[in-house]
Amino acid sequence: MQYVKAGDFGYPADNSVPVNITRFSRPWQERQFEAVCQNFSHVIVEANRALFGTLFDADVESEIRALQARGVKVAAASHGSDLRLPSRHQKIDQWSPFNEPAWALIPSLEEKALLTRRVLSATGIPVFVPTPELLLDWPEAQWLPIVVDVERWSRDDAVLREPRLRIVHAPSKDVVKGTHLIEESMRRLQDEGVVEYRVVRGVPAAEMPRVYGDADIVIDQFRIGTYATGAIEAMAAGRIVIAHLHDQVRAHVRENFSLEIPIVEAMPDSIEATIRDIAANRGHYLPFASAGPEFARALHDGEVSSHVLATFLD
């Protein structure tokens with residue numbers, strides 16, 4: 001079940017409910033709670049958000065205890081900002097978005113992460129996180145790799161064949177991805193004819209395989225230090241992905257799965273030099289593109305995630 005609102009990306013779900021219904025319809029809230037308790041053995045609460053609107057005053061801990069009282073087993077899945085503590089993250093990365101003086105949301109994000117911690121501590125339920133860097137925020141969690149339909153993103157065409165590098169950047173949040181930090185470098189590269197640079201916003205999910213497929217390089221993010229859905233989809237498409245990853249993220253994947261993440265490392269102050277090097281030494285970077293689909297299939301096609309979820313379902 002997902003609740004939906006105007007401007008969503010159109011991801012499919014078995015049961016899509018308008019957000020105002022979840023918030024204001026007490027009959028729907030009561031029916032939904034009974035339907036879950038009577039028909040489901042396990043529930044995963046995502047991003048510390050209430051499943052039943054205001055039925056329990058939008059209090060997630062109360063929801064969890066009500067479900068448990070009816071015999072339902074409950075776990076939590078974080079998606080990032082609900083668990084990532086800004087005051088921790090800003091100390092480990094100079095590029096952290098939480099070091100952005102003008103970002104007014106930082107205090108509320110700190111409060112949100114602290115609330116999630118209180119709920120997880122009070123209930124003691126299993127916790128899953130989608131990206132390895134969140135294990136630093138909740139060490140007891142299990143990494144539940146993000147799943148993509150690898151075949152849907154598959155492409156047969158090669159990259160780096162055109163004189164100009166075709167680059168796509170699709171920021172969900174500019175301040176988090178670091179879009180403004182690379183604008184000057186990308187404008188300079190485009191003016192010189194080195195690249196064709198495209199920033200993509202608000203494109204429906206169904207159209208993104210074509211968007212990535214038309215690119216040689218997908219620039220992901222420079223501020224959080226991890227890789228997530230966009231980077232995985234671009235790797236599955238056989239594109240070269242550029243991002244800033246923390247050593248801890250690369251080490252976790254290497255130590256637990258004996259795999260290297262095929263993402264080209266760059267930061268805002270090195271992105272221009274990195275792209276110029278790709279343009280000048282194309283053969284050196286082709287293995288990053290060719291390794292992407294295999295990596296996505298190995299960790300993100302659902303098989304690994306199903307084994308992780310089995311620890312909860314069993």
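Colleague: In the loop between which two elements is the place of Ala47?

Modeller: The model is a predicted one. Ala47 has its place in a loop, and the elements on either side are a strand and a helix. These are β3 (42–46) and α3 (60–69).

Colleague: Does Ala47 count as buried or exposed, and at what relative accessibility?

Modeller: The cut-off for buried is under 20% relative accessible area. Ala47 falls under that cut-off and therefore counts as buried, with a relative accessibility of 15%.

Colleague: What is the phi of Ala47?

Modeller: Most residues other than glycine have a negative phi. Ala47 is not a glycine, yet its phi is positive. The value is near 55°.

Colleague: Which phi does Ala58 have, and how does its relative accessibility class it?

Modeller: Ala58 also lies in the loop between β3 and α3. Its phi is positive although it is not a glycine, at about 60°. Buried requires under 20% and exposed over 50%. Ala58 has 42% relative accessibility, so its class is partly exposed.

Colleague: Which strands are the edge strands of the open sheet of five strands?

Modeller: The order in this sheet is β8-β7-β9-β10-β11, and the pairing is parallel. An edge strand here pairs on one side only. The two that do so are β8 (195–199) and β11 (264–265).

Colleague: Which residue in β10 is the bridge partner of Val218?

Modeller: Strand β9 comprises residues 217–219 and strand β10 residues 240–243. The two run parallel and are joined by three bridges. In β10, the bridge partner of Val218 is Val241.

Terms used
Residues are numbered from 1 along each chain as its sequence is written. This is a predicted model: local features need pLDDT of at least 70, side-chain atom pairs count only at pLDDT 80 or more; totals for chains, interfaces and linings use all residues. Side-chain values use heavy atoms; hydrogens and water are left out. Two strands pair if DSSP finds at least two bridges between them. Helices (H or I, at least four residues) and strands (E, at least two) are DSSP runs, numbered from the N terminus. Buried means under 20% relative accessible area, exposed over 50%, partly exposed in between (1.4 Å probe, protein chains only).
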